[in-house]
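Thank you all for making time this morning. I would like to walk through one model with you, going slowly, and I will begin with a question once it is on the screen.

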Amino acid sequence: MDNLSDRMVRLKQLYEKYGLSAQPLEDDLRQLESFRIVVPVLGSFNTGKSALLNALLGRAVLPTGITAERSVPTEIVAGDDLLTIYREDTAEFAELSALRSGALDPEGIERLRLECDCELLRRFPDVMLVDLPGLDSGIEANEIATRRYLARSQAYLLVFSADEPVIKQSLTDFLSELRLYERPVFAVLTKCDKVLPQTSEQARLYLQKSLASQLVLPDVEVYRIQAGPQPDVQPVAQLLVRLQRCAEELRSQEFSGRLRRAARSAEGYLEMRLLDRTLTTSELEGRIGRIQDGMERLFEALDQNAAHFSGLLEQSEMAAKIYLREGMLELSPIIEAALAAGESPQAQVDGILRELLTATVHSEIDPVLQRYGKSMRELLALHQQAEPEHTVSRPPAELPAVATVETVLRHFTGSAEVFDQLFSSQSRFSLKLAALRKRLVPIVQGQVLPELERLVDTCIAESVAEYSEQYLSQVSAPALEELAFRRNALEDLRREKLSGEQAMRHSIGELQADLALVRELSRS
């Protein structure tokens, strides 16, 4: 068993051998093979993002100097030179040359997937780079698409130009958001061949200091590269080596846990087959009944605990909304000042709301989730002690890792819709500005703030519902699944006895060998 995929295949074969449902393992195998960590490449327009990626690919694949209107997220992975174009629920295929030829119509495109036959990329099969639209595009669809990737990324790669190593306001807003995710951030300084070496080093040190200050980090790694006629992107290639190792660790952690869970269920099944081979049909029926009763008692206890948990979550949701409303009091003068100056307060408002949502999750929701996870483990432990004959023999499930901050930020859609309702365009905004200055306070207090409250309330409600579903499935499902496998083992034995088989379908030696295998898998 050389790797995780091989172990999953072996376990799937055992499931099929004993007539157990192998569909979850088949799904896990597909997800395992397609697993990649997401690393978005972020920067303003004309900082050299596409040139950097082309240098990494070893050829000019991505167009450079494109306009904001034609820019869409482009996922880049190793493959066989294929371009996949995603429009709503459809996918179409094209040659890579369509990217630079100008023949590609961007209308309705949500994202592109670029599979490139590149030696460098094949060294990093578990890393997916994403070329995102420039952060200063000013196009709402681009900003929404970018934030979707931010919420599910494991690292961020920021690109700056050596001839302008400044953090623009458009990037400052995103840096504030990146800080909330607590993911590693790296920076690349492009166009270093167009300035003197001393200038590029000064730019690197300046940028390093500025980023560390913005992200509130002791240090940020900044790499100097050149992507011109004689490209040198070795520092970024070395970074990708580190990210590949990180991806392999995350991949192993995620799917090893799934493998152990499936192996433990099979282990319980085989143990029952071995232990109860000598029982009569009536004795087997008695054991089956006791397991069924135990499952019903456990399910009832889990259901009661879940109901209690739901009540606590409702209370934490209400507390979270109160916490948010108190924090949103500071928004009124900020919004009024921006509107009075003829500026949009959206970016500043969104930044404050994201900070508030993050703090709310940590203070009001995380403690409830942790208490619930602990209570479920204690409940499972008590069940083991009370019914040792027909209960799970493994330790209670570990607390599930629910990415609470990532979840709430993913559900936060931003305040653009709130301000769009006030001003559908800049021209309309200017026409109304004089009149608005006279009644800014009632507009902000009576219209804007209630809409923002509705926005964050919806975000919190959707996030809490997702947390609840995740915890209920991750904590209680494994125990109930293992009990079900043990019951199935006894039912299989009973059917064999009732059918009058002279010899069991599987010998003791065969069962023992398979049990040894699944025990090895469950502990690998």
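Predicted model: local features only at pLDDT ≥ 70, side-chain atom pairs only at ≥ 80, totals over all residues.

Which residue lies over the face of Y86? The residue is R111, at 3.8 Å from the ring centre, and a charge is said to sit over a ring here if NZ of Lys or CZ of Arg is within 6 Å of the ring centre and within 35 degrees of the ring normal.

Residues are numbered from 1 along each chain as its sequence is written, and side-chain values use heavy atoms, with hydrogens and water left out.

Let me give the overall picture. The chain has 17 helices and nine strands, where helices (H or I, at least four residues) and strands (E, at least two) are DSSP runs numbered from the N terminus. Of its 524 residues, 50% count as buried, and buried means under 20% relative accessible area, exposed means over 50%, and partly exposed is in between, with a 1.4 Å probe and protein chains only. If we take contacts (heavy atoms within 4.5 Å) between residues at least 6 apart in sequence, 80% of them join residues at least 24 apart.

Strands count as paired if DSSP finds at least two bridges between them. Strand 7 pairs with strand 1 (residues 37-42) in the parallel sense over two bridges, with V41 standing opposite L157. Strand 7 also pairs with strand 8 (residues 185-190), again in the parallel sense, over six bridges, and there L158 stands opposite A187.

Strand 2, residues 74-78, is also mostly covered, with five of its five residues buried. On one side we find T74, I76 and A78, and on the other E75 and V77. Five bridges join strand 2 to strand 5 (residues 111-116) in a parallel arrangement, where A78 has C116 as its bridge partner. Three bridges join strand 2 to strand 6 (residues 127-131), and these two run antiparallel, with E75 partnered by V130.

Let me come back to Y156, and to aromatic pairs. Rings of Phe, Tyr and Trp (its six-membered ring) pair if their centres lie within 6.5 Å, and planes under 30 degrees apart count as stacked, over 60 as edge-to-face and the rest as tilted. By this rule the count comes to three aromatic pairs. One of them is the tilted pair of Y156 and Y181, at 6.4 Å centre to centre and with 50° between the planes. Y156 counts as buried at 0% relative accessibility, and Y181 counts as buried at 2%.

Turning to the helices, eight of the nine residues of helix 3 (residues 49-57) are buried, among them K49, S50 and N54. Just after helix 3, G58 takes a positive phi of about 80°. Helix 13 (residues 404-411) is largely enclosed by the rest of the structure, because seven of its eight residues are buried, including E406 and H411.

What about the interior? A nonpolar core is a set of buried Ala, Val, Leu, Ile, Met, Phe, Trp, Tyr and Cys residues joined through side-chain atoms within 4.5 Å. The largest has 78 residues, and L11, Y15 and L243 have the most contacts inside it. Helix 9 (residues 234-275) gives the most to this core, with 14 residues. A second, separate core has 75 residues, including L211, L313, L331 and L380. As for Y15, leaving aside residues up to four places away in sequence, it touches L20, S21, A22, L25, A262, S265, A266 and F485.

Finally, the cysteines. A search of the whole structure finds zero disulfides, a disulfide being a pair of cysteine sulfur atoms within 2.5 Å. C192 is buried, with a relative accessible area of 11%, whereas C246 is partly exposed, at 29%.
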